Every structure is written in C-alpha cells, then in structure tokens.
Amino acid sequence: MGRLLVVGSVALDTVRTPFGEVQEVLGGSATYFSVAASYFTNVELIAVVGQDFPEQHVAFLKSRQIDLAGLERRPGETFRWKGEYTYQLNEARTLDTRLNVFETFRPKIPERYRSPDMLFLGNIDPELQLDVLKQVERPSLVACDTMNFWIEGKREALWRVLEHVDVLIINDGEARLLGQDSNLVQVAKTVLAKGPKHLIIKRGEYGVLMFNEKQAFGAPAYPLEQVKDPTGAGDTFAGGFMGYLSATGNDSDAAIRQAIIFGSVMASFTVEAFSLDRLRNLDYKEIEARFREFKRLTHFEDLT
C-alpha cells in the first residue's frame, strides 16, 4: 500500500437539492477525496480550517486513518460554501462562497510528507500547486484538478503546472474552456500536448471519458434509484481513482481503466446521501460488489 498526499480544501457546506437541505455539514474537495481514497490506501492531507471547525469532523477523518499532521488550524472561520441544485442535478448554483482562512492558505508540506508515492493537487490556485510541486520529491504519479476560475484567470500558471502532471481530472465544461474547443477529442489533443499523459473528463450523469496518446476509454455513470446530493462526486471520483492506483502501485493502461471504474463506484455511493454520510459506514465488500456490477453493465460479447 502506497502513500498518497492530497492538497486541497476542507469546508463546511450548506446544500439544497430537490430532496432536502443540510446546513454547515462537512465538505471540501480534499475531504471528499481523502475519505474515498482512504478505502484503498494511506492518505496524508494538507489543508486549513478555522477555530470553529467541529472536532467531530476531525474525529471522523481520523477514524478513516487519514493522516492529519498537515491539517492546519488557524484563527478565523473555516471556508464555507452554499449551493443549490435543481432536478437537473448536473451543476450546482453557488449561492455564497466565503473563503475565510482558505483565502490566505499557503500549503506547507511537513518533512515526513515530502516523498509521497503519489500526489493529488486539489482545486487550488495554480501558483500554489506549483509551490507544492517544489516542496516534494517527484512522486511516481501526479494528478490535479482545476476549475473555470483558474482556467480563465491564471491560464499560463495552469499550463506550467500541467507540464509536471501525469493525470488531469476535470469536468467537460472545464475541459472545453481549457482546450478552447467544443469537441472533447480536439481538447484532449491540445491538453495532452502540454504535458499530461492522461486527461480524464468527468461528465456527471453521462459518465467519464479518458484520453491518452494511444487510446480513449469511456465508462457510464452507475444507474441509481436515488440521487440525493451530487456535491463532492467529482472529488470522490478522483479519490477512488488515485486511491486504487496508490494501493496497487501500478499506472499501466489496464490499471488506469480499473481505477476509473473504482472512481466511478465511489462517486456513485457519494451521491446517494448528503455530505459524506454514505461514505461514513461504507463496507469494502459493497465497493467490490458495485465494481462487479459496473463490469456487467458495460460487458458485451464480440461479433460472431
């Protein structure tokens, strides 16, 4: 089992969907990522919270054996996000964002974290992502996430980050904005030419696409009877994906494909409940069972 380092946000979310509403619940990209990855591998978390961050959330993260030596607690309030979803569920409408202590977050990598086997750079300022890369020995695999705000505002810095990244994981809207093309195949050519070996495009209820220089691979979203809250699904996907690769220490094409399915499995569990509630008591046997169901879902015979 490898050591997986993640740098990102830990937050308190207020979310409304057609199926309910929750206030000040545990959220943040690094939180969803870490909890999903913790089912597969050893996770080390770098993030910042305020003095108001509830101790019960710290206890939960510790219960998942997540190493919190890099979780900084600062004077002030924790990052807060408020959003709502319509029945469409594919995209949240942000109602309020208060960065609070996250606004001045400058990741400091503890000495014992500086030689991870794999690294995930969560959705933070590309300048900070570059700074993290300078603080660690080059891991065997580096993956990152970003968003429209950085693509539009810090494109050059982001391209510099991507020179050092093996896997870029973004959604289809972000991919089109980054590649400046509506065609995802053309986008993949543009992005892969900048450095990443793999581009993974999350497409919500339409599944996921992966491109590299040799091939493309697609997986559907798992058909669920009930979707309550899509918040964190993309981060959970990334956590399952990276967690599996870290556990196996393998980044072959076959392993990447399996990791995509494990990522999709973890995302499918997340959306079944608000916040991280579905992941709190998840059993690894459930993960394996749904992985097999994914395989049956996509299997077909060759022509005879």
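This passage walks through the overall build of the protein chain and then its aromatic pairs. The model is a predicted one.

To start with the big picture, eleven helices and 13 strands make up the secondary structure of the protein chain. The radius of gyration comes out at 18 Å, close to the 19 Å given by the globule rule for 304 residues, so the chain is as compact as a globular protein of that length. Along the principal axes, the C-alpha trace spans about 65 × 40 × 40 Å. Of the 304 residues, 55% count as buried. Contacts reach well along the sequence too: among those between residues at least 6 apart, 65% join residues at least 24 apart.

Turning to the rings, the structure holds eleven aromatic pairs. In one of them, the ring centres of Phe-40 and Tyr-284 are 5.9 Å apart and the planes meet at 80°, so this pair is edge-to-face. Phe-40 belongs to the loop between α1 and β4 and Tyr-284 to helix α11, so the pair ties together parts 244 residues apart in sequence. Phe-40 is buried, at 6% relative accessibility, whereas Tyr-284 is partly exposed at 31%. Phe-79 and Phe-102, by contrast, are stacked, with 5.1 Å from centre to centre and 10° between the planes. Phe-79 is buried at 12% relative accessibility, and Phe-102 is buried at 13%. Finally, Phe-40 and Tyr-284 also belong to one aromatic cluster with Tyr-244, Phe-262 and Phe-291.

Definitions and conventions: Residues are numbered from 1 along each chain as its sequence is written. This is a predicted model: local features need pLDDT of at least 70, side-chain atom pairs count only at pLDDT 80 or more; totals for chains, interfaces and linings use all residues. Side-chain values use heavy atoms; hydrogens and water are left out. Helices (H or I, at least four residues) and strands (E, at least two) are DSSP runs, numbered from the N terminus. The radius of gyration is taken over C-alpha atoms; the globule rule is 2.2 Å times the number of residues to the power 0.38. Buried means under 20% relative accessible area, exposed over 50%, partly exposed in between (1.4 Å probe, protein chains only). Contact means heavy atoms within 4.5 Å. Rings of Phe, Tyr and Trp (its six-membered ring) pair if their centres lie within 6.5 Å; planes under 30 degrees apart count as stacked, over 60 as edge-to-face and the rest as tilted.
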